[in-house]
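Hi there,

Here is the structure I promised to pass on to you.

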Amino acid sequence: MSQSLYVGVDLGGTSIKIGLCNDKGELLRTFEGPTDTDQGTDKIMSNIAAYVNELVPPGTQEWDDVKGVGIGIAGFLDIPNGIIDFSANLPPLRNVPVRQIMEEKLAKPIKINNDANVAALGEVWGGAGKGVQNCVCYTLGTGVGGGLIVNGRLIEGFSGMAGELGHMSIVPDLEAIQCGCGQMGCLETVSSATGIIRMGKDAVERGDRTSLSLIETPLTAKDVIDAAKAGDEVAQRIVSRAAFYLGKSMAAVAVVINPQRFIIGGGVSKAGEYLFEQIRQVFRKYSTDAAQKGVDIVAAELGNNAGVVGAAGLFLYA
Ligand SMILES: [Zn+2]
């Protein structure tokens, strides 16, 4: 029996993950192999094709049922033309017409999009946002990524910058530090793992009375969050600050696109309800009643699979 299947590719700096999804956003199976970044563009492109064929062998009924292959990539992309302009995680990839190359190799329609958009799409299609038409996703990792789904469609904006929530300039000038993007006071300077670690290190260097000063291995965001949960007041202030600006940014987003649900994923979100409850309080405090009515803030569900599911979903949502 013929069905509609979609392949998603999560192209990372060290590994390439491939997933096969049905038309309900259910992940049927995955395959993972090394990216071989050091061997250059041709090798990376051949690896993607080889792994896709490994997961779904050509000549099978399943392969015939595959309607397209979506690829999520961290970097600056020309999405409409399917070109990787530049990727910091994949240094050899510069001005690579990935859609054209992969269409020739696989003879299937190809779509590309950035990794944060694709992760958001994965959650909406098959995870914490299932069935919700208006959703905003935050990914709290090394940076803060974002993705917007409005009326069931992924929003890319005029030049692909829509949903770059980590670069909302939200910290007041007096407290702001410069972000990796060059701008001052971006959300990701305080609410990413990197931001939490920096604030922890600053506190130790200032000589604040904190258990963080006893940690001998390089400080992690988890160390800071664990210390906060254990009652360390300095760590609690750091986590509260991360939560404060997340909640405030959500209040701003709420009056721009009025989402029904905020979904938070990434390593920092593992802090769980301790973090989420603080974010909700700030969100409620700073949003109008009408903009927060019926709106919830929940944890992402798909974890590391969000990328492949969302990339496969590009054919239905983007
Ligand atoms: Zn920035």
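A word on conventions first. This is a predicted model, so please keep in mind that local features need pLDDT of at least 70 and side-chain atom pairs count only at pLDDT 80 or more, while totals for chains, interfaces and linings use all residues. Residues are numbered from 1 along each chain as its sequence is written, and side-chain values use heavy atoms, with hydrogens and water left out.

**The two domains**

Where they meet, 10 residues of domain 1 are in contact with 12 residues of domain 2 (contact means heavy atoms within 4.5 Å). Between them the domains bury about 890 Å², with 54% of that on carbon and sulfur atoms. Buried area here is the accessible area, taken with a 1.4 Å probe, that two parts lose on being put together, summed over both. Asn117, Ala120 and Tyr317 supply 54% of the area that domain 1 buries against domain 2, more than any other three residues.

Two residue pairs are in polar contact across the boundary, both at pLDDT 80 or more. A polar contact is a pair of N or O atoms within 3.5 Å; within protein, one must be able to donate a hydrogen and the other to accept it, and residues adjacent in sequence count only if both atoms are side-chain atoms.

On the side of domain 1 that touches domain 2, the elements giving two or more residues are strand 8 (110-114), helix 4 (115-126) and helix 11 (306-317). Helix 4 gives the most, with four residues. Helices (H or I, at least four residues) and strands (E, at least two) are DSSP runs, numbered from the N terminus. By class, this side of domain 1 has seven nonpolar, three polar and no charged residues. For that count, Ala, Val, Leu, Ile, Met, Phe, Trp, Tyr, Cys and Pro are nonpolar, Asp, Glu, Lys and Arg are charged, and the others, Gly among them, are polar.

Asn113 is found in strand 8 and is buried, with a relative accessible area of 0%. Buried means under 20% relative accessible area, exposed over 50%, and partly exposed in between (1.4 Å probe, protein chains only). Leaving aside neighbours within four places in sequence, the contacts of Asn113 include Ile71, Leu77, Val118, Leu154, Glu156 and Leu314.

The other two concern the backbone. Most residues other than glycine have a negative phi. Asp36, however, has a positive phi of about 55 degrees although it is not a glycine, and Asn151 has one of about 50 degrees. Asp36 sits in the loop between strand 3 (27-34) and helix 1 (41-55), and Asn151 in the loop between strand 10 (144-150) and strand 11 (153-154). Are they buried or exposed? Asp36 counts as buried at 19% relative accessibility, whereas Asn151 is exposed at 57%.

**Salt bridges**

The whole structure has eight salt bridges. Here are some of them.

- Glu62 and Arg29 meet at 2.7 Å, N to O. Glu62 is in helix 2 (residues 61-65) and Arg29 in strand 3, 33 residues apart. Glu62 is partly exposed at 24%, and Arg29 is partly exposed at 33%.
- Glu175 pairs with Arg241, the closest N and O atoms being 3.0 Å apart. Glu175 lies in the loop between strand 11 and helix 5 (188-191) and Arg241 in helix 8 (residues 233-257), so the pair ties together parts that are 66 residues apart in sequence.
- Glu273 pairs with Arg280 at 2.8 Å between the closest N and O atoms. Arg280 is buried at 13%, while Glu273 is partly exposed at 49%. Glu273, Glu277 and Arg280 are linked in a network of salt bridges.

Conventions
A salt bridge is a side-chain nitrogen of Lys or Arg within 4 Å of a carboxyl oxygen of Asp or Glu.
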